[in-house]
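Hi there,

I'm passing this structure on to you, with some notes on what turned up in it. Have a look at it first, then read on.

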Amino acid sequence: MRLALEEAQAALAHDDVPVGAVVLGPGGDVLAVGHNERERLGDPTAHAEVIALRRASERLGTWRLEGCTLVVTLEPCTMCAGASVLARVERVVYGAVDPKAGAAGSLWDVVRDRRLNHRPEVIHGVLEDECGEVLRAFFAPTR
C-alpha cells in the first residue's frame with residue numbers, strides 16, 4: 001500500500017485525483033503500478049487500477065491475472081471493480097472507502113456479486129487514514 005500511496009502522489013503532477021494502484025504477482029512481486037491519468041490523457045478510463053491492470057497484463061502476456069493482487073488507495077469504482085473481476089485477480093486490497101462511488105462493498109459490491117463467474121477476495125481499510133488524507137488534502141480547496 002505504501003507503493004500505491006507513492007503512485008497516488010504522482011497523479012498530483014498533472015492535477016489528477018491522487019489514487020494509486022499496484023498489481024502484485026502470485027509470489028508478491030510488483031508487476032505493475034499506475035496512478036490516475038484522466039486529466040493528462042483526456043481518457044475517462046485512465047483510472048489507476050485500469051492502468052496498473054493493463055501494464056500487468058502486458059508484462060505477463062495475458063489478460064488473466066490469476067493469483068495476482070490489486071492494491072489501490074481508494075475503493076474501486078464500478079468500472080475498476082468490474083475490470084478486476086474480468087482480469088481474474090485473486091484479491092483486491094484497498095485503503096480508503098468511497099461511499100459515493102465505491103463498488104467493493106460500500107455503494108455497490110461488484111467484486112463479490114454471486115451472479116458473476118469470478119469473485120476476488122476483498123481486504124479493505126489498509127492504511128485507510130493515510131489513503132484518505134491524501135484525497136482530503138486534494139479536495140480541501142474545492143470545499
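What volume does the largest pocket have? The answer is about 580 Å³. (A pocket is an open set of points on a 1 Å grid over the protein atoms alone, where a 1.4 Å probe fits, with protein on both sides within 12 Å along at least five of seven lines; lining residues have an atom within 4 Å of a point. The volume is the space filled by probe spheres set on the points, joined across faces, edges and corners.)

Before more detail: this is a predicted model, where local features need pLDDT of at least 70 and side-chain atom pairs pLDDT 80 or more, while totals for chains, interfaces and linings use all residues. Residues are numbered from 1 along each chain as its sequence is written, and side-chain values use heavy atoms, without hydrogens and water.

The largest pocket has 24 lining residues, and Leu74, Val97, Asp98, Leu135 and Phe139 lie nearest its centre. Helix 5 (residues 128–139) gives the largest share of that lining, 6 residues. (Helices are DSSP runs of H or I, at least four residues, and strands are runs of E, at least two, numbered from the N terminus.)

Arginine 88 sits in the loop between helix 4 and strand 4 (91–96), and leucine 127 in the loop between strand 5 (121–124) and helix 5.

Enjoy exploring!
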